[in-house]
Amino acid sequence: MDELELLKKDWKKQDASYPKLSYNEIYKLIHKKSSSIVKWILIICIVELLFWSALNLLIPEKYLEIYDKFNLRTFLYVTQAIHYSIVFIFIYLFYKNYKAISVIETTNKLMQKIIKTRKTVNYYVYYNIALYFLLSVVVNAIMFSHPETMIEALDPNNEIKMSGDKFLTIMLISQIVAFIVVIGLLLVYYRIIYGILLKRLSKNYKELETLEF
Amino acid sequence: MNKELEHKFISEFQEHQKIIHKVCRIYTNNQEAHNDLFQEITIQLWKAYSKFRGDSKLSTWMYRIGLNTAITLYRKSKRTIKTQDFDTVLHRIKSTEYDNTEEEQLKLMYKAIHQLSDIDKGLIFLYLEDKNYKEISETLGISEVNARVKMNRIKTRLKTILNP
């Protein structure tokens with residue numbers, strides 16, 4: 001007999017051997033909590049959305065005083081207004097994509113929608129990084145073009161006994177180092193998140209995709 | 001969700017639960033993982049049930065949600081429990097109908113199936129369940145031609161494992 005026919009025959013024979021769960025057992029099962037990756041992605045995405053929004057609110061008011069010295073208050077408010085509108089758009093898109101995930105779709109579509117949802121949040125994170133980078137470049141450019149005002153603002157009582165040039169160099173270097181460290185940490189974080197949650201999904205999705213093209 | 005719907009679901013599910021056990025049989029190889037996946041599929045089915053209109057059979061839904069959960073949603077638990085493999089335990093009914101070579105062949109074949117990719121497992125599962133290529137392509141979201149090509153590759157692979 002053909003091997004596959006043999007397998008099929010055996011497969012059918014197994015039908016009787018599967019356990020039959022009682023009404024109560026099934027009742028208990030459907031009241032348990034799901035641990036699907038969609039649920040995990042939702043949790044992680046919400047945490048990320050909150051984290052990046054909270055970062056803005058956590059900056060102490062005192063720190064913002066420096067903006068006054070450079071007449072940057074209005075600039076700050078305008079960028080923040082634009083920023084929050086964009087955050088709102090991102091949250092809306094995320095919610096829309098998340099809601100579209102449905103387990104009754106074809107496997108291909110389901111994977112596509114999960115990846116799309118996850119991508120929305122990724123773009124949100126990229127947007128934030130780009131924004132922080134851009135803002136620091138702009139603010140730094142303005143500040144460094146008025147070095148006296150900056151030294152006065154950061155060190156009003158002249159406590160740091162250091163020449164102006166040296167002070168500026170240290171400030172610039174420390175900012176660059178901080179930026180590189182943050183980017184490094186983010187990369188590690190995403191490797192972990194992707195490693196844990198999406199590696200298998202991406203692999204399976206690619207397999208279906210290469211099949212189609 | 002109301003009690004009436006819950007009752008209806010459980011009754012219907014009870015009747016077709018074999019399908020879910022079979023999905024777990026293909027995708028897992030120990031009892032703990034089997035139960036874990038069974039639970040997740042059942043939860044996903046129940047969550048989707050309120051959208052079930054009855055225009056298709058519940059069993060059709062169960063194939064789709066079962067495979068979607070196994071391939072996409074389910075996170076394999078990190079716990080590696082050293083329970084005996086189904087392959088060695090032989091979950092199957094021992095039958096006098098099989099001679100030793102057939103017994104051995106089947107063992108090898110189930111082992112080979114467990115080594116297939118998640119997508120290939122889905123294809124072979126639907127094949128074993130006598131689904132035609134149209135149904136297979138509609139479940140996985142690939143074209144019928146591709147389903148056919150892929151299935152032939154899996155068949156050849158399984159055959160070469162048995163006849164090296």
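## Helix α2 of chain A against helix α2 of chain B

In this predicted model, A:Ile26, A:Leu29 and A:Ile30 of α2(A) meet B:Gln39, B:Thr42, B:Ile43 and B:Trp46 of α2(B), where a contact requires the C-beta atoms of two residues, placed from the backbone, to lie within 7 Å. By class, this contact has five nonpolar, two polar and no charged residues; Ala, Val, Leu, Ile, Met, Phe, Trp, Tyr, Cys and Pro count as nonpolar, Asp, Glu, Lys and Arg as charged, and the others, Gly among them, as polar.

The axes of α2(A) and of α2(B), which spans residues 31–49, are 8 Å apart, and the two helices pack at an angle of about 80°; axes are lines fitted to C-alpha atoms, for helices over the stretch in contact, and angles run from 0 to 180 degrees between N-to-C directions. The two helices are therefore roughly perpendicular to each other, the scheme being under 35 degrees for roughly parallel, over 145 for roughly antiparallel, 65 to 115 for roughly perpendicular and oblique for the rest. Helices (H or I, at least four residues) and strands (E, at least two) are DSSP runs, numbered from the N terminus.

## The wider interface

Between the two chains, 40 residues of chain A are in contact with 49 residues of chain B. On the side of chain A that touches chain B, the elements giving two or more residues are α1 (3–13), α2 (23–30), α3 (37–57), α6 (107–145) and α8 (164–212) of chain A, and α1(A) gives the most, with eight residues. The residues on this side of chain A divide into 21 nonpolar, nine polar and 10 charged.

A:Met111, which lies in helix α6 of chain A, has contacts that include a residue of chain B: leaving aside its neighbours within four places in sequence, A:Met111 is in contact with A:Leu201, A:Asn204, A:Tyr205 and B:Thr72. A:Met111 is buried, with 24 other C-beta atoms within 10 Å; a residue is buried if 20 or more other C-beta atoms lie within 10 Å of its own, exposed if 12 or fewer, and partly exposed in between, with C-beta atoms placed from the backbone. From C-alpha to C-alpha, A:Met111 and A:Ser34 are 18 Å apart in space, and they are 77 residues apart in sequence.

Chain B has eight helices and zero strands, and buried residues make up 39% of its 164 residues. Among the contacts in chain B with a separation of 6 or more, 66% are between residues 24 or more positions apart.

Chain B is divided into domain 1 (1–82) and domain 2 (84–164), with bounds that come from an automatic or database domain assignment. The contact between them takes nine residues from domain 1 and 11 residues from domain 2. On the side of domain 1 that touches domain 2, the elements giving two or more residues are α1 (3–27) and α3 (58–73) of chain B, and the largest share, four residues, comes from α3(B). This side of domain 1 divides into six nonpolar, two polar and one charged.

B:Asp130 lies in the loop between α6 and α7 (133–140) of chain B and is exposed, with 10 other C-beta atoms within 10 Å. B:Asp130 has a positive phi of about 65° although it is not a glycine. Most residues other than glycine have a negative phi.

## Confidence and conventions

The predictor gives the complex an ipTM of 0.80 and a pTM of 0.80. The mean pLDDT, the predictor's confidence in each residue from 0 to 100, is 83 for chain A, where 96% of the residues reach 70 or more. Within chain A, confidence is lowest in helix α4 (residues 61–69), at a mean of 74, and highest in α2(A), at 92. Chain B averages a pLDDT of 83, with 85% of its residues scoring at least 70; over residues 78–95 of chain B the pLDDT is below 50, and this stretch has 23 contacts in the model beyond near neighbours in sequence.

Residues are numbered from 1 along each chain as its sequence is written, while chains are lettered from A and ligands numbered from 1 in the order in which they are written. Because this is a predicted model, local features need pLDDT of at least 70 and side-chain atom pairs count only at pLDDT 80 or more, whereas totals for chains, interfaces and linings use all residues.
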